Amino acid sequence: MAVMHYPCGCYTLVVAFRLSSQQFPRPCATAEVLRTKECCPLWEGDGSVCGARSGRGFCQDIVISDRPNGPQYPHSDIDDRERWPLVFYNRTCQCAGNFMGFNCGECKFGFFGANCAERRESVRRNIFQLSVTERQKFISYLNLAKNTISEDYVIVTGTYEEMNNGINPMFADINVYDLFVWMHYYVSRDALLGGANNVWTDIDFAHESAAFLPWHRVYLLHWEHEIRKLTGDFNFTIPYWDWRDAQDCQVCTDELMGARSPLNQNLISPGSVFSSWKVVCTQPDEYNSRAALCNGTGEGPLLRNPGNHDRARVNRLPTSADVEFVVSLPEYETEPLDRTANMSFRNVLEGFASPETGMAVRGQSTMHNSLHVFMNGSMSSVQGSANDPIFILHHAFIDSIFEQWLRRHQPPRTLYPAENAPIGHNDGYYMVPFIPLYRNGDYFLSTKALGYEYAYLLDPGQRFVQEFLNPYLEQARAIWQWLLGAGVLGALVAGIVAAAVALACRKRRQRKKKSVSAYGERQPLLNSSEEEGSTSYQTTL
């Protein structure tokens, strides 16, 4: 059995809001729902199942694709993620029109408004192009998510078998940020075959095959959506880190994602809010030894030691030339549709093949994988990698490279594998562990169709506005009260000075008139031909 990890030589005030995310909706985490297998909650807007009364959706049987999977996972009816989500539910809300969500109470990606009728395109920007205020806001949003319990969603802490087939539900609360960490763990964890350390490791529903890019695209879209819901800031977009040609961790500063601690090079600087974060789901070997799932409890501080990694595995970070080579590859996926594939755009971008030759390599990590290994800490193990907030910046840029490839090659959907990919990766497979449900192939399309864009992919005029003009406008908005106050004060001072000057001039003229009267003569300032203009001249002066 192959070991699944980012090859690195090392393994490594609570606020409540109404949120809409994914995984297990709280209304569907009861013994009764697990018995009926019907996850069709009411929409609060009209009190009907799936908002049916308002035409938002309806409760429907889940139809699962029967196309064959690849040979990488030889088991059947062992893992709860097989034929997702049928182990837990066989009926869910199917939303109509522009509606989305586990109860059809939300809008599809790219749509806004009470009736989801407003189409809007959001722009994700380079984190270094954000204003100071925007960067601080991004970090505060991350920390708010880390300290806010999700009201609408819970995580599963036991297998369906451990729940006695649903009779004894095993779910737990979790904060909004760690919900996404847990999801990344759950989709990539080993399959539990029964008993201590009896696991199948060559399984991952979001990595090492075709679904890697569509799955993470939906993952980031949902993460972005949840931050908007949590903060009420519907203009928020995930920033990206353009790491091409980087020599070090450019975002590892206390102003951004946290510098290295001067006391312990494996920890985050005390000057960063991230130094107080606790990680979850980082001990897969321990879970396997107990044949258990991660339950979302804290497991220690966030670890990061960028650059002090295995140099034999990663000798440099990706370059602009590497990215250009990857984007030039015409085939999205090639046989055998896994990490041994050659000349596969997905496999080279994910980092299991060379960005110079396109051929699969062993013992080395390139492209996407190389950044994970380079961080040398919590981000370097697949299952717990999302604990590090750099994960978000990194994957946003990976998603932008995927977008470059889609625009250059404009592939038909038929180019995405319909069958024989590793389990979880075929076109028609529903993404684990999302509820509502999303098929892999449905997200093999441009960001334009999903309502977002990347600043550096815009045309030059639009890019200037997004990357250069907007930050200054944002700064102006942040200090407009001060600017207004300064303007008013300046006007008052100018008025006082002008009045003082006018008064002084008037007194001077009066003194001169008295002087002329005393000597009985008048000496004109200007010639008679200029006398008419003298008044306006002096007034202007």
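Is Arg-81 buried or exposed? Arg-81 is buried, with a relative accessible area of 0%; buried means under 20% relative accessible area, exposed over 50%, and partly exposed in between (1.4 Å probe, protein chains only).

## Basis

This is a predicted model, in which local features need pLDDT of at least 70 and side-chain atom pairs count only at pLDDT 80 or more, while totals for chains, interfaces and linings use all residues. Residues are numbered from 1 along each chain as its sequence is written, and side-chain values use heavy atoms, with hydrogens and water left out.

## Buried pairs

Arg-81 forms a salt bridge (a side-chain nitrogen of Lys or Arg within 4 Å of a carboxyl oxygen of Asp or Glu) with Asp-79, and their closest N and O atoms are 2.8 Å apart. Asp-79 is buried too, at 3%.

Asp-178 and Lys-146 form a salt bridge with an N to O distance of 2.7 Å. Asp-178 belongs to helix α3 (residues 176-188) and Lys-146 to helix α2 (residues 132-146), so the pair ties together parts 32 residues apart in sequence. Helices are DSSP runs of H or I with at least four residues, numbered from the N terminus. Asp-178 is buried at 5% relative accessibility, and Lys-146 is buried at 10%.

## A loop pair

Glu-356 and Arg-316 form a salt bridge at 3.2 Å, N to O. Glu-356 lies in the loop between α7 (345-350) and α8 (367-375) and Arg-316 in the loop between α5 (284-290) and α6 (320-328), so this pair ties together parts 40 residues apart in sequence. Glu-356 is exposed at 56%, whereas Arg-316 is partly exposed at 35%.

## Network and total

Shared partners link salt bridges into one network, whose members include Glu-121, Arg-124, Arg-217 and Glu-453. The whole structure holds 32 salt bridges.

Terms used:
Helices (H or I, at least four residues) and strands (E, at least two) are DSSP runs, numbered from the N terminus.
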